[in-house]
Amino acid sequence: MVLGGDRTAGFAAEKPNVVVFLVDDLGYMDIGANNADCFYETPNIDSLADSAMRFTDGYAANPVCSPTRYSLMTGKYPSRVDATNFFSGARSGRFRPAPLNDQMPLDEITIAQAMRSGGYATFFAGKWHLGSSEEYYPQHRGFDVNIGGYHRGGPYTGKRYFAPFENPQIEVESPAGDHLPDRLARETAKFIADHKDQPFFAYLSFYSVHTPLMGRPDLVGKYKAKAAAINGIEFADEEQVLGDQPRKVRILQKHAVYAAMVEAMDEAVGKVLKQLDDSGVADNTIVIFTSDNGGLSTSEGSPTSNLPFRGGKGWVYEGGIREPWIVRYPGITKAGSISSEPICSIDLFPTVAAAAGVAPDHEIDGVNLLPALKGEPLEPRPLFWHYPHYSNQGGIPGGAIREGDYKLVERYEDGRVHLYNLNRDAGEQTDLAKQQPQRVDQMRQRLHAWYKTVDAKFLQPKDGGPDPWRP
């Protein structure tokens, strides 16, 4: 793939536009399309799923944000460049964390650069969190337009989710009281309207539904009334890995503020989808909807439940890495179809690049999902996770491999392993490691071989302390 040059050369009218929705911290069970009993109302996302293919086994490459964002941008596992925790998280526990690279290297070829080389206009809005200074920001990584993307991992300036935002990458400030997800959606819709006659790549990366937990007052009131009618136990015990206080996990969805944030995000999605219709380009636009990690269930307000999945953001259990994945590819996907093919955020780059007719000539880890989108099986492959850190949410430093229905989890403090059959035990409650030692050995060997392939780093001893386990 050659970057630069005449950006309109070779353009063909049939090139599809691409819109990517990336929601921050949205759990698999946080949308109605995935959860018939969802407390939150997501009619626009559900309608998108009805017109698209919904994946039941879609994953993020990491249980926290920046590494997954790196994988979406590059098609690579974040362990290849030691981008294995949110930028810049360096919390210690029993041991020190692995070394962390908290910048997306400037020599990486991003999906935006690839699309721009193929004649696409490129647009970014929202959360970036992939580098500490301006040379790392979206406008220098292949995006023609950047609205709001910089080094911060949340809307922590001004009045946060409400204007004035005081975001240094939002050049024109909103009027007082404007709501951030709506502002980002309006900007995305305007870009679509302005570029309807040329191929475009629009990447709307919501700050929602990340903390701070703040919702529109009208929606908060609505969900407080709805929550009042819901009874049941809200929290249960979860494993304690970090700190000296017992850790709880939310097991019942009824958090009114979080619900308000989810619905406002859904309204913003609907505004962008409506613009595709109004601009007459919906039939030639690929729409992809996903999240960067699991729902926040064990800390910082613990606003959502990921049940039946265990854990949440910061955990290599399914609650931390299994994500909503919806893909609408006109002429390719069947409306209302469902796929159980395991896919991952590393697959976004090769899939979108292939659709755009761009052929990367550098190494990537993901695969083109076109067969799955057509309802055909993908070539069998393992998926890997590597999280050598102590998350804010209490998750274990650990790795994992999924092959078929089986998932092996490996703990980095002491090397213990657990084996689960996800088809029968999505909640990872029944450890099969002692019953199936041969499978454990085979999967562990493949996981350890992958560690070497990506030059994975591991926990470090504290000064004068014991050495952590090593593979």
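Start by selecting Ala-335, which is exposed, with a relative accessible area of 52% (exposed means over 50%, buried under 20% and partly exposed in between, with a 1.4 Å probe and protein chains only). This is a predicted model, in which local features need pLDDT of at least 70 and side-chain atom pairs count only at pLDDT 80 or more, while totals for chains, interfaces and linings use all residues. Residues are numbered from 1 along each chain as its sequence is written, and side-chain values use heavy atoms, with hydrogens and water left out.

Ala-335 sits in the loop between strand 9 (322-328) and strand 10 (337-339); strands (E, at least two residues) and helices (H or I, at least four) are DSSP runs numbered from the N terminus. Leaving aside residues up to four places away in sequence, Ala-335 touches Asp-50, Ser-51 and Ala-52, where contact means heavy atoms within 4.5 Å. If you also select Lys-452, 117 residues apart from Ala-335 along the chain, the two C-alpha atoms are separated by 41 Å.

Next, select helix 2 (residues 65-74), which is largely enclosed by the rest of the structure because ten of its ten residues are buried. Its buried residues pack against strand 1, helix 3 (111-117), strand 5, strand 8, strand 9 and helix 8 (348-356). Just after helix 2, Gly-75 takes a positive phi of about 75°.

Now move to helix 6, which has 23 residues and reaches 33 Å from its first C-alpha to its last, close to the 33 Å expected at 1.5 Å a residue (the expected span is 1.5 Å times one less than the number of residues). Helix 6 is mostly covered, with 17 of its 23 residues buried. Within this helix (residues 256-278), pick Glu-263, which counts as buried at 10% relative accessibility. Beyond residues up to four places away in sequence, Glu-263 touches Glu-41, Leu-219, Lys-222 and Tyr-223. Just after helix 6, Gly-280 takes a positive phi of about 75°.

Among the residues in the contact are Ala-185 and Ile-192 of helix 4, together with Ala-268 and Leu-276 of helix 6.

Finally, colour the largest nonpolar core, which has 53 residues, those with the most contacts inside it being Phe-21, Leu-26, Phe-200, Met-265, Leu-276 and Phe-289. Such a core is a set of buried Ala, Val, Leu, Ile, Met, Phe, Trp, Tyr and Cys residues joined through side-chain atoms within 4.5 Å. Helix 6 gives the most to this core, with eleven residues.
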